[in-house]
Amino acid sequence: MTVNAAPETTALPRQGTLSIIWQGLTRNKSGFAGAVIVLLILGLAYIGPFLIDRHNPSDGAKVWQAPSAEHLLGTNLQGKDTLIKVILGGAEPLWVGILAALIAVGVAVVVGSVAGYFRGKVDTVALQLTDITLTIPGIVLMLVLTTMYRSISATAIAVIIGVTTAPVLVRSIRAQVMSLKEREFVEAARLQNLGAGRIIFTEILPNMGGYIFVNFILAINNAIYALVGMYLLGLLPSTADNWGLMIYESWNSGAFRLPRALPYIAVPLALIILFQIGLVAMSRSLEQALNPRLRER
Amino acid sequence: MPETPTIPDSPATAPLLRLSGLEQVFDTKRGKVPAVSGVDLKVEAGKVLCLVGESGCGKTTTARAAAGLTRPTGGSVEYLGHDIHRMGAAEWQEYREAVQYIHQDPYASLNPVRTVLSSLTAGLRKHKKVKGRHEARQAAARLLEQVELTPAESYLDKYPHQLSGGQRQRVAVARALAMNPKLLIADESTSMLDVSIRVSLLNTLGGLRDDLGVGFMFITHDLAVAKYFAWDGEIAVMYLGKVVEHGPTPQVINDPQHPYTKALIAAVCEPDPRLARSKKTIPLRSAEIPSLTALPSGCTFHPRCPLAESGDCDTTPPTLAPLDERRRLACHVVARDHVAAQAGTG
Amino acid sequence: MSEEPILSVRDLRITYQTGRNSEVVAARDVEFDLYPGQSMALVGESGCGKTTLGLGLLRLLPKLGRIPQGEIVYRRKDGTTADILKMGKEELRRFRWSEAAMVFQGAMNAFNPVQRIGAHFADTLKDHLPEGKRLSKTEIRERSEELLRMVRLEPGRVLPSFPHELSGGMKQRALIALALALNPQVLVLDEPTTALDLLTQCSIVEELHRLRAEFGFTMIFITHDLGLAAELADRVSTMYAGRIIETGTAEDIFYDPRHPYTSGLINAVLPVVGDLPQLASIPGSPPSLATLPAGCAFGPRCEYVQDRCREAVPALEPLTDRPDGLTHATACLRAEDVQHSREVVSRA
């Protein structure tokens, strides 16, 4: 007696996560442009160094030269080539940004979802920890740590930025898990005795995929800014090639006022800003791709 | 028959599910809310028990406790004679599979980011009841056929938002069936659907009851739906957290005894103009339902009850006691008159 | 009943814009005459266009809704007529509430949550006065109290309350009182009892009966609940996919439906009192308004369907000849062949 009308839309082809991500990146122009920008900058920072002659001697006769055929972006205070410094200087800030974001989001997802799902003692402890961490001013902690350890590594900086930015995210993920946990489909999963781990990771978190992803992107941006800020304050050792350090040097020596020395500060700054714009554009369309309802549009 | 929770049944004779003295008090900002206070009910294998009542009567709270979704603050829920909150992991797993719950809102009960296939087979895969993708797909297709979603293949890869309300509710039922349950607790599962869709889902559920021998605890505010689905079963009418009348459906519907049941049945808008015009509503003394936080003394229905008398009604809460062989009733006045009438005829 | 209809709807079409260049027709070919004092139910399942039609009658459609064609002629008490669709802004504002009022669906959300009930009444009373007329505070207060007493609410308690302090039933009563504030001739109610508890529903129905007997207003109510239609309507119109497909007295519709869809709808509900009949569902599901099938929109789900049903949309043809809009009419080519019966499964 019952004849259910055949569904009107044709079934979506079964998709793996990778194909969903690819579809997300190519679904609209701005998302695609964002992805291209991000990939180009990553390429410049991580593949670039292998394609060039990394030898970049200082030369007292070439201080702050304007761009020329020999030095496409001019030279710096020590007469070193700006372009080579730009290519070599990207790896560290990007690595710090990505690692710090991974740590922040990873900690937040695990702590936030466990605390929000189980509540009780776990929750109380997690909340206290985040409260304590929230009260420590990150920049002061940095100050202390950098004066104690003169040569602090990029990875250590990433860990510190990651851990200190996690608490805010812990709280928002916990709040979301708490509300999703009350949703009926989660109750349905409990009725199937799926177990807490599965319920958190396969029922609840995928519903927050877009949110987590956007926060990951924002965390990268924040970490990069924090790193550049610390260089600007002179908190970090000036050893390696680094975009943050370039900005600091230009700023500190007043060279940013010289038109011919402008590329030394403008190019790293522009790359950082472009990277962030690229990430944001990319994240918008990926967020849509991660939501099956928005995916069809 | 009065329930005697003190004598434990042996698993062989114990009912599928028994609620004894079930109490659920919620702590809220406005104080303690006794949503359910002292419910004794049982469901036998393959039988239908329908809980009816208005919003706030405790029918959903009772159902959720029966499904093990909440822990009651008093009394017990027993599955085959065993208290579900004192079970070991293996026993709990058996109960969990045997008693499934279907939510009211088919738009909220399916995970929006999972396909029908994935929702249907999550439990099967977790409990190792299917091996591999192919087997899972076949199992899911069989489940969809059981709930008359055919051709099943065309639904498996859909996301919930691509389905209509009726189709989603069928998927939710299929997911419950995946566990091979002995009892389905359906909480207003048809009330959000349009009439024609509702009937077809009711008929499907009736098929599961008749063909698979699945028992039902069926919660609804719609007396017509209760009558249709539970005709061969029983109805328990709830008011402010208590069962006020309980008996076989045809008796309760066509010969209600409790003044509240009478008022409810008289209040139904009948889809039949002549019947609607001839039917007399029963005027209640007050239109407003008392708040659970400030329950009236004695019988909680007495401030609205047309039969209320001073004396017992406003001082002593009536107990749910047998009226005849098959019916239980919680009303001082009707019980007394019944005894008097029997003494008169006998 | 008087000779002239109070509301005459002709060839009405209502569309919704769905995209920059796309629209769906939510109601089409709607025609009816409503006579003073009648109570008409518009019944149908979700998405059939009944709410759209109800809102359209008073031009209360949401932003994307349009009425590209048709006319809705309203006849005032003094015998003059006006096409609601041709009214200017100011004329329309005065027409609503004072001539025709709407009780919106969902008593829960119809009041502004931060305004006391008294303020809602004051606003309505002040807003719709004829130009140049003013009401004093005491006049407003007295009229509000009178209105609330009319629907058997305690003015002293209700007027100073905020909406959330009232129960669903009380809010619905207050809404009805508010709609009656300016003595309208026509009252349009959208799902007046949905989401209310059974006993509350029943009391609202009684209230509407009483008010109608007392004030003699004409009523159109929109409902998916056939029970409510049987209880409250003299006339019932069934809608399917944006069209009125059958219309007649409540007896016509409930005891002798001539459209297979109406018959299916009736067979999908049962009275609580009495025997247990077999309920039958209507196969399939309603079509999307954007992609209606050719010919009769119900065709693909209809057991009586023939080739000719797919050729053209059947028009609403009268089956009886009765005055005052009480004619039984149906839009089915096979109206004569429709068998309406139901099997009794179990006797009470």
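Visitor: How many residues of chain B are in contact with chain A?
Guide: 32 residues of chain B, against 26 residues of chain A. Keep in mind that this is a predicted model.

Visitor: Which elements of chain B give two or more residues to that side?
Guide: Helix 2 (89-98), strand 6 (99-102), helix 3 (116-126), helix 5 (153-156), helix 6 (165-178) and helix 7 (195-212) of chain B.

Visitor: And by class, what does the side of chain B that touches chain A have?
Guide: 12 nonpolar, 13 polar and 7 charged residues.

Visitor: Switching to chain A. What domains does the assignment give?
Guide: Domain 1 is 24-51 + 75-90 + 241-297, and domain 2 is 95-240. Their C-alpha centres are 24 Å apart.

Visitor: How many residues does each domain of chain A put into the contact?
Guide: Domain 1 puts in 16 residues and domain 2 puts in 15. On the domain 1 side, helix 12 (243-253) and helix 13 (262-290) of chain A each give two or more.

Visitor: What about the classes on that domain 1 side?
Guide: 9 nonpolar, 5 polar and 2 charged.

Visitor: Which residues of chain A are annotated as "transmembrane region"?
Guide: The unreviewed UniProt entry lists 32-52, 94-118, 125-145, 151-170, 208-233 and 261-282 of chain A.

Visitor: How far apart are the end C-alpha atoms of 261-282?
Guide: 32 Å, and that span of chain A is 95% helix with 0% strand. For 151-170 of chain A, the ends lie 30 Å apart, with 85% helix and 0% strand.

Definitions and conventions:
Residues are numbered from 1 along each chain as its sequence is written. Chains are lettered from A and ligands numbered from 1 in the order in which they are written. This is a predicted model: local features need pLDDT of at least 70, side-chain atom pairs count only at pLDDT 80 or more; totals for chains, interfaces and linings use all residues. UniProt positions are given in the numbering used here, feature names are shortened, and annotations may be inferred rather than shown by experiment. Helices (H or I, at least four residues) and strands (E, at least two) are DSSP runs, numbered from the N terminus. Two residues are in contact if their C-beta atoms, placed from the backbone, lie within 7 Å. Ala, Val, Leu, Ile, Met, Phe, Trp, Tyr, Cys and Pro count as nonpolar, Asp, Glu, Lys and Arg as charged, and the others, Gly among them, as polar. Domain bounds come from an automatic or database domain assignment.
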